[in-house]
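We will go from stop to stop, selecting a few residues each time.

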Amino acid sequence: MSKQPSSARPWVLRSDLRLALITGLGAGFGLLSPLDFGYYIPLTTAAVLSSSYGNSLNLSIQRMLGSVLGIVVLAVFSRGIQMPLPLALGLALATVRLLGGALGLQVGYKVAGNIVVMGWLVHEAVETSWGTARLFWTAVGIVLSLWATRSIWPSNSIPNQNQGLATLVDALSGEFSLEAERLEQDTPARLSMPSRRQRREALLRQLTAIRSQRESAQLELGVNPENHPLHELWSELDLLCSQLLSVLDGLRGLPAPIHSPAVIKALHRREAEVLRHLIVLLNTLAMDLRQPSLGEKQTLNLDTLSKLNRDLDAVSGQLMRSLERDTLQDHDAQAIAAARMRQIVLRASLIDHAASALRNCKPGMASSTPVTA
């Protein structure tokens with residue numbers, strides 16, 4: 001029997017090396033600092049530094065809120081309430097748990113509880129200065145951890161998501177190019193059923209892979225990723241690709257176009273022209289998605305895409321006017337069988353729907369301003 005390749009987790013990951021490096025640097029800085037309690041830097045980095053920026057930011061917020069909560073509760077109960085220590089400490093921890101739940105803390109309330117216990121039992125004589133110092137060093141450790149996730153071996157999830165979408169858009173552009181060539185040929189042939197199925201499954205696999213990778217990419221967007229411009233970009237492009245896939249399925253489900261009579265041949269030429277404009281727009285969109293600066297700018301090349309979309313909208317409008325004026329109302333069209341006429345109208349409508357999908361797509365804008373409209 002052949003041995004199956006192992007899918008076990010590697011012994012050491014880059015994120016593990018980064019954690020060791022930053023924790024060591026934080027420990028050294030804290031020990032060399034003239035201020036007390038510098039050892040809270042490595043304790044913080046070890047707790048919040050994760051493999052992704054989003055996870056690290058979430059843990060950092062939890063830890064900072066927990067630290068503030070713990071210091072406030074410690075000050076109130078240790079100095080403002082006179083009662084036996086066991087009872088006061090129990091009430092303080094109960095208060096921490098209740099307030100932590102109200103604030104939605106999942107791990108931060110544990111930090112708060114630790115501060116209450118340590119401050120009351122270990123640092124009672126200097127609890128105010130100790131709490132302030134701990135809060136300061138915690139903030140330093142958080143800043144160091146967030147910097148590390150962005151600067152030292154940052155995650156490739158966001159670039160991979162953009163590259164995957166660009167590859168899919170390129171693939172869709174290639175498929176529409178084949179449809180345009182068939183419309184321009186004098187005697188086009190219909191794709192065989194196995195070929196159509198194979199091409200469709202290849203596109204669906206790409207779309208499925210992009211969707212499965214999106215969760216890890218969204219972790220890099222920080223808190224509330226659904227409000228991030230890149231999340232809006234990915235959602236809009238996902239919808240666009242799904243609509244274009246449906247258009248391709250519809251076009252390839254129709255019989256091969258017949259270039260007769262002359263009015264129908266002219267209509268097919270207009271359809272090919274619309275597809276050519278659509279292909280140019282898709283190629284430009286894919287090129288923008290591959291730009292390394294997209295993750296920082298969080299927007300596409302709006303001016304270029306808007307101009308290309310206006311051109312596409314214009315030729316699409318001409319196609320539909322030609323369909324209505326020159327085809328449906330033409331005397332020669334009366335000789336065309338009703339079934340074939342339905343196919344002609346459906347093909348033109350599908351191509352117009354592809355143009356409409358691009359017109360209504362608005363990826364990459366934080367202010368809900370359409371990119372391609």
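Which helices each supply at least two residues of the lining of the largest cavity? Keep that in mind as you start; this is a predicted model.

**Stop 1: the cavity**

Select Glu179, Arg182, Leu183, Leu251, Pro257, Arg347 and Ile351, which line the largest cavity. Now colour α7 (157–184) and α13 (338–360): these are the two helices we asked about, each giving at least two lining residues. The largest share, 3 residues, comes from α7. The volume of this cavity is about 40 Å³, and the count of cavities of 30 Å³ or more comes to 1.

**Stop 2: a cis peptide bond**

Next, select Ser260 and Pro261. The peptide bond joining them is cis, with omega at about -5°. Pro261 sits in the loop between α9 (229–252) and α10 (262–289).

**Stop 3: two positive phi values**

Most residues other than glycine have a negative phi. Go to Phe37, in the loop between α1 (14–32) and α2 (40–48). Its phi is positive, near 65°. Is Phe37 buried or exposed? Phe37 has a relative accessible area of 18%, so it counts as buried, the cut-off being under 20%.

Finish at Trp153, in the loop between α6 (127–151) and α7. Trp153 is not a glycine, yet its phi is positive, about 45°. With a relative accessible area of 39%, Trp153 is partly exposed.

Technical notes: Residues are numbered from 1 along each chain as its sequence is written. This is a predicted model: local features need pLDDT of at least 70, side-chain atom pairs count only at pLDDT 80 or more; totals for chains, interfaces and linings use all residues. Side-chain values use heavy atoms; hydrogens and water are left out. On a 1 Å grid over the protein atoms alone, a cavity is a set of points where a 1.4 Å probe fits but cannot get out, and a pocket is an open set with protein on both sides within 12 Å along at least five of seven lines; lining residues have an atom within 4 Å of a point. Grid points are joined across faces, edges and corners, and a volume is the space filled by probe spheres set on the points. Helices (H or I, at least four residues) and strands (E, at least two) are DSSP runs, numbered from the N terminus. Buried means under 20% relative accessible area, exposed over 50%, partly exposed in between (1.4 Å probe, protein chains only).
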